[in-house]
Every structure is written in structure tokens, then in C-alpha cells.
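Take a moment with the sequence and the 3D view. The paragraphs below walk through them step by step.

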Amino acid sequence: MLSGSELWLLRLMADRGLALLDASTLLIVIEERGELRVAASAGKAHVRLRVLPVEGSALGALYRTGRPLSLDRPRGQEATWLHELGLEARAALVEPLNMEGHGGGLVIGVREDGGFRDPDRRALASFAASVAQRLQAERSVEIERLRFGMEARERERTRWAREIHDETVQGLGALRLRLANARDLGDREALSAAVDTVLAGLGDEIDGLRHLITELRPAALDELGLAPALQALARRAQAIDGLDVQTEIALGDEDEDRRLDPELESTIYRVVQEALTNVSRHAKATRAVISVTERDGVVRASITDDGQGLPDAASGARRSPEDELKGGFGLSGMRERAELVGGEIELSSAPGGGATVRLSVPLAGRPTAG
Ligand SMILES: Nc1ncnc2c1ncn2[C@@H]1O[C@H](COP(=O)(O)OP(=O)(O)OP(=O)(O)O)[C@@H](O)[C@H]1O
Ligand SMILES: [Mg+2]
């Protein structure tokens, strides 16, 4: 499937090709899984069929020759592919697209009055080369984006694995040891005391795992939306870490339950979650404020604490503090998430005066919430 940005690129280029060739219609056709798809068209003609099979269509036969073609007053057999597309043509030029390893396609220019000449042919050939090159570059970016996303997920799994290991596996290991020792002592009373301790410990471990599962997939986010999910995070930080957390969420003036698109909601949720975990772990704070607002088409989320501030970020406030923070993946993960939705993260900190994490994401071009 062509991605949105690829289609966009092809549409822009079709307009340019139309002007370049002074044609009545210009089409860019891309092969995808055995089908030829008119990915972009510019000019007068209304294309009748936008998708044709490579096997069993006249356009497919033309595509498979892999050669350029120039037709003057096409009729009969040679005009069949034009009829398939529903095009009227006094003259037609066809140039193959070749994107090494990324499939192929055709660029087609037609004139309803007048013919094409040699310079037109050369112009179309170099235009086709530049379409192929731009599309190929766009696809490499697309692949890069996918890889980036996969790496981020992989890193995240590593973190969860570490979390499960440090919290639950260690805890269970200790309980097992406790039981084994009591058994080896062969003392009934000690054994029964150990069983009580281990039962209580198991209860704690089950609670811990429950928390972990909620954090992995916050059901509240899908079902209830961002505000309740963030409030749940705040309550948990309060209950577990004794942190006083306030939430200020204002998305839209009237519509209290306004939803953002799912990707953006989960980005905001994860950034807040990580920032809040950092506050509990590192900040020595007593209070934190979570704020989410939307103004002028930009969604902003911030997490501020009153703790000791980020280490070594004292002076050059404009410098990116995380350069100096050789910590885990939390801050870099936030940045990656922000970039994936076209936004950015800003950190600021005053020594002894707390730290702030700010996420801002422009809404322009984002899908509307379902
Ligand atoms: N709110 C904060 N207040 C003070 N220091 C902070 C705060 N947030 C982060 N830090 C510092 O920044 C470092 C990097 O944070 P980061 O989230 O990237 O890693 P981590 O929390 O140590 O590990 P991980 O998030 O991978 O479990 C932390 O180790 C801590 O020293
Ligand atoms: Mg962290």
C-alpha cells in the first residue's frame, strides 16, 4: 500500500509533470501486488478505472514490456489500454518507472489535441526518473520510520522485562527461599510461620503484577479517555508513593469528554506515566502537577514536580539536559514517542526547584478521533 505521504508526493509531482509536458492529462501508475493503480492524476480527464490487474489487462501488457511508448492518433489494438482507463487521446506518451527493489510503474501523458515531439519524450523520461527517485527516497524514509518504531518497542519490552524481573521475580525468589529454609529446619512451628509470611508475600506479588498489567495496557485509556486515565495514574502515584498529584486537563472549551486520536492519547499517557515514575523515583518531591491543554491547534502536556531538579542541568537552561543524564531509556523513550507523532519534548529544571517535562504536539494533519 502506498502511504499517505507517498500519495501526497505523487500528486504534487503529477501536477508538475502536467505543466512540464503541457499535456491534457498526466497519470502516475504504480504497481502493487500484481495490480496497477492510478496513484495520481492531473489535468482534464476523468480516469474510469483506477485499478487494473497486471495479468489480463492491456495496460498490464504495456507495463510488462518495460519500454517507453509514443502513440500518434492511437486506434484499434494499440488504443485498448487508453479505453481501459477511459482516456481520449490524440497522442500519448508512456514512460516506465523503475525503482530498484521497490517495484515499478508508469508515467502516462496524453494530449487531446496536437501531438508530442522528441523534446516532450525526453522531458517525460527525465520526469519519470525524478518521480522514481523521489518515491524511492520517500519509501526509504518510510522504512526508516518503521524500523525506528520497532526499535522503540523492543527497548520498551526490555524495560518491562527488567521491571518484572526486579519486582516480581526477585520477590518470588525470596519467598521460595523462605519456604525452603523453613522446610529444611524440620520445625513445625517455624514452617507454619513461614507459610503465613509467604502467603502474605504472594498477595503482594499478585497486587504488583496487577499494577504492572494495568500499566502495560491501561484499559481506562481506551474506554474512558485521556482525562480519567491520567487521573488514575495520579491516584496510583498518590497511593503508592505518597506523592500529592494534581491533574489539570482542559481539552476544548465545552466538550468535557473530547477525545484525541488514539495514537496521540497513548503518547500523552506514556509520557506522563514515565515522567511521573521519574518523579517518584528520582525527584524527592512531595507534589506534582499534570497539565494537558490545547490551544491554537497544539496539544501541550506538562509534568512539574517540586523536587531537587534534574542533575547537572543547572546553568545552560537551553542546553538539552538529557545529554548529561546517563540514566535509563525513560527520557529518550519520551523523545522518540513525541517525534513519532510529530511533536517534541522539552525539559527544564531549576536546582532545588523541581523539574518540568513538556510535550507539545501540533494537531494539524492528525486523524480525527473515532
Ligand atoms: N523529575 C526528576 N527529578 C530529578 N531527576 C530526574 C527526574 N526525571 C529524571 N531524572 C534524572 O534523569 C535520569 C534519566 O531518567 P530516565 O527516565 O531516562 O532514566 P531512569 O529513570 O533512570 O531509568 P528508566 O526510565 O529507563 O527506568 C534519571 O536517572 C534521574 O537521574
Ligand atoms: Mg525513568
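How many residues apart in helix 8 are Glu 274 and Asn 278, and about how many helical turns separate them? They are 4 residues apart, so about one helical turn lies between them. This is a predicted model. In it, Glu 274 and Asn 278 coordinate the magnesium ion (ligand 2). Glu 274 uses OE and Asn 278 uses OD1, at 2.1 Å. Glu 274 is buried, and Asn 278 is buried as well.

Now step back to the whole chain. Its secondary structure comes to 9 helices and 11 strands. The C-alpha trace spans about 100 × 50 × 40 Å along its principal axes. The radius of gyration is 30 Å, whereas a compact globule of 370 residues would have one near 21 Å. Of the 370 residues, 39% are buried. The chain exposes about 20900 Å², and carbon and sulfur atoms supply 51% of that area. Consider next the contacts between residues at least 6 apart in sequence. Among these, 60% join residues at least 24 apart.

Helix 7 comes next. Helix 7 covers residues 226-241. At 1.5 Å a residue, its 16 residues should span 22 Å. Which residues of helix 7 are buried? They are Leu 226, Ala 229, Leu 230, Leu 233, Ala 234, Arg 236 and Ala 237. Seen down the helix axis, these buried residues fall within an arc of 160°, so they line one face of helix 7. On the other side, Arg 235 and Ala 239 are exposed.

What do the buried residues of helix 7 pack against? Their partners are helix 5 (188-216), helix 6 (219-223), strand 7 (244-250), helix 8 (262-283) and strand 8 (287-295). Helix 8 is also where Glu 274 and Asn 278 sit. After helix 7 comes Gly 242, whose phi is positive, near 70°.

Finally, look at Trp 160. This residue is found in helix 4, which runs over residues 118-185. Is Trp 160 buried or exposed? Its relative accessibility is 16%, so Trp 160 counts as buried. Leaving aside neighbours within four places in sequence, Trp 160 is in contact with Leu 212, Glu 215 and Leu 216. Take Glu 215 from that list. Trp 160 and Glu 215 are 55 residues apart in sequence. In space, their C-alpha atoms are 10.0 Å apart.

Conventions
Residues numbered from 1 in each chain as written. Chains lettered and ligands numbered in written order. Predicted model: local features only at pLDDT ≥ 70, side-chain atom pairs only at ≥ 80, totals over all residues. Heavy atoms only, no water. Helix = DSSP H or I, 4+ residues; strand = E, 2+ residues; numbered from the N terminus. Expected span 1.5 Å × (residues − 1). Buried < 20%, exposed > 50% of the residue type's maximum accessible area, 1.4 Å probe, protein only. Arc of directions from axis to C-beta. Contact = heavy atoms within 4.5 Å. Donors = N, O, S within 2.8 Å, 3.2 Å for Na, K, Ca; no water. Rg over C-alpha atoms; globule rule 2.2 N^0.38 Å. Areas by Shrake-Rupley, 256 points an atom, 1.4 Å probe, with all protein chains shown as cover.
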